[in-house]
Each structure stands twice: as C-alpha cells, then as structure tokens.
Amino acid sequence: MRRFVVLLAGAGLLMALTILLSGCTLGASEQGNPQTLPPIVTDEPLPSPLTFQNTTRIDASGRQIVTNPEHILVLVNKTRNLPPDFVPADLVAPQVPFPFTAHEPRRFMRATAALALEQLFAAAHAEGLHPYALSGFRSFERQAAIFAAQVARVGEIEANRTVARAGQSEHQTGLAMDITSREVGFTLTVSFGATREGQWLAANSHRFGFIIRYPQGKEHITGYSYEPWHIRYVGTEVAELLFTRNLTLEEYFQQQYGFGIN
Ligand SMILES: [Zn+2]
C-alpha cells in the first residue's frame, strides 16, 4: 500500500493529464428506473444469489460502500463506492505493450486479470493486431487528486459531470484496463471503437473474461458514455453471458440478483 502511495505521489503531471483526458471518467450520470426482471436462466454455473446479499454498507456520509471489493464481479458505479483504503493485494504488471516506458501503478492489474490480458493480447497479436494497454490500476488517492484538480479548474458541478469521484472508478478494483492503439495516437477516444483493434476487442474480449464495460446505447444504465477502450475482467463465464445477451454488468446483477440498476 505504502509503496503504491509513494509511487502515486511521485507520478508526474503527464500521467495526471493522460488520466484526465481519459474518457473513462467522462459521461453524464443518467439513471433509469428500478426494474424487476426475470432471473437469467443458464446452464453455466453462476454465483449463488446468496453470494451478493448485503454487499454494501452505508458510511457516515450516507454513501453506499461495497463490502466485497475483492470479488471479481464487484459492482462499482456512481452509487456503489469502493472503500477508500481498498488496494488489491495481488497487483502485477501484465507483460503486454504499453505506449510508455515508466514503471507506473497504472500498469498494474490483479493477477488473474493480468494473466487474462496477456492471453487476450497474444490472440490479438496472432491476428496481426497491435493493441496497447494504457491505464489499469488507479488508487482512491489518485482519483481524489484528479477530481480535486478538475474542481479547481472548472468547478464542482462540471467536474462531477466529467470526472469520476474517488471510490467510484472501476480502475481502483485492479480489474479494468484501458486499451488504445497507434492509429488513435495512443489516446482514449470513441473512434477507437471503429479501428481494427477496437472492433476485435468488442468481438473477442469475452473469450478472455473481459467485457466492454460501458457499451454504446447503455449510457442510461451504466451512467457512463460509450467507452470502447475500457475493458473489465469478470471471468469467462459471466463475460460470455453478457456478450451473447448484450447485457451490462448492472443489467446482469439486476436480473440475477435483484439489484444493480438504480
Ligand atoms: Zn477505463
């Protein structure tokens, strides 16, 4: 933990700018109405409903804090916060191409997700594609600093529309990675979705346990605009299911466990 904090504190302005420019923190919060949907029927073994009973607590400020931040299916969004002190215990740097050389915390993912990412990249390379990983783990403290900087720049109302508050970024789980390519100048942009790498990612991520977490047309459910670059590890069974049924993680939880869509 201390090591990461020190690393984060020492990270340069360029990294902060890169993250600020990341659309991962962009998107207006739109929330649909609570929905009662039939549970998903599948032959695949999915976690028991009991697994996700009582997975939040209310903190002194009245916010919902997830109590299962280490679960690979943890649901984090604008209403379900991670504990401020949560740092995954098993962060490692996947051996995949990054468009920078510095050894920074944003290289890190949790070990299982990192291994899956390496397999995903190997499959992409085998098809002649050249994705790059850009941004993985991000601590609560870093997200807080980014949000504060944005408040100072544009005011709190605008900052709230464009930057995730600390605790509400999926990057703090260590299960998310932003993917980019040379074709889009190693940035995070919607046009990545139309590139060969972006299209391959959308069509194949599920084979390796990843989902496109903020898909097009689901903004009112996820609270975030379309992010073709942000993949989230959920394991192959759930990823396959979400892919074939065109479901977001919120919809999956709503259907399977009776909560998720606010
Ligand atoms: Zn992201």
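## Helix H6 and its packing

The buried residues of helix H6 pack against strands E7 and E9. This is a predicted model. Three residues of H6 are buried: Glu197, Gly198 and Leu201. They sit on the same side of H6, because they cover an arc of only 100 degrees around the axis. A general rule of helix geometry fits here. An α-helix has 3.6 residues a turn, so residues three or four places apart point the same way.

H6 spans residues 196-204. Strand E7, one of the packing partners of its buried residues, covers 176-180. Strand E9, the other partner named, runs over residues 227-233.

## The four-stranded sheet

E7 and E9 belong to an open sheet of 4 strands. The order is E6-E7-E9-E8, and the pairing is antiparallel. Strand E6 (132-135) and strand E8 (210-214) stand at the edges. Each has a single partner strand, so one side of each is left without a neighbour in the sheet. Neighbouring strands are turned by 45 degrees against each other on average, direction ignored.

## Strand E8: edge position and burial

Is E8 buried or exposed? 5 of the 5 residues of E8 are buried, so the strand is largely enclosed by the rest of the structure. Yet E8 is an edge strand, so one of its sides has no neighbour in the sheet. A residue counts as buried if 20 or more other C-beta atoms lie within 10 Å of its own. Burial is therefore a count of surrounding C-beta atoms, whereas the edge position of E8 rests on its single partner strand.

## Two residues with positive phi

Most residues other than glycine have a negative phi. Asn54 is not a glycine, but its phi is positive, at about 50 degrees. Asn54 lies in the loop between helix H2 (13-21) and strand E1 (56-58). Asn54 is exposed, with 8 other C-beta atoms within 10 Å.

Phe186 also has a positive phi, near 60 degrees. Phe186 is placed in the loop between E7 and H6.

Conventions: Residues are numbered from 1 along each chain as its sequence is written. This is a predicted model: local features need pLDDT of at least 70, side-chain atom pairs count only at pLDDT 80 or more; totals for chains, interfaces and linings use all residues. A residue is buried if 20 or more other C-beta atoms lie within 10 Å of its own, exposed if 12 or fewer, and partly exposed in between; C-beta atoms are placed from the backbone. Two strands pair if DSSP finds at least two bridges between them. Axes are lines fitted to C-alpha atoms, for helices over the stretch in contact, and angles run from 0 to 180 degrees between N-to-C directions. The arc is that of the directions from the helix axis to the C-beta atoms. Two residues are in contact if their C-beta atoms, placed from the backbone, lie within 7 Å.
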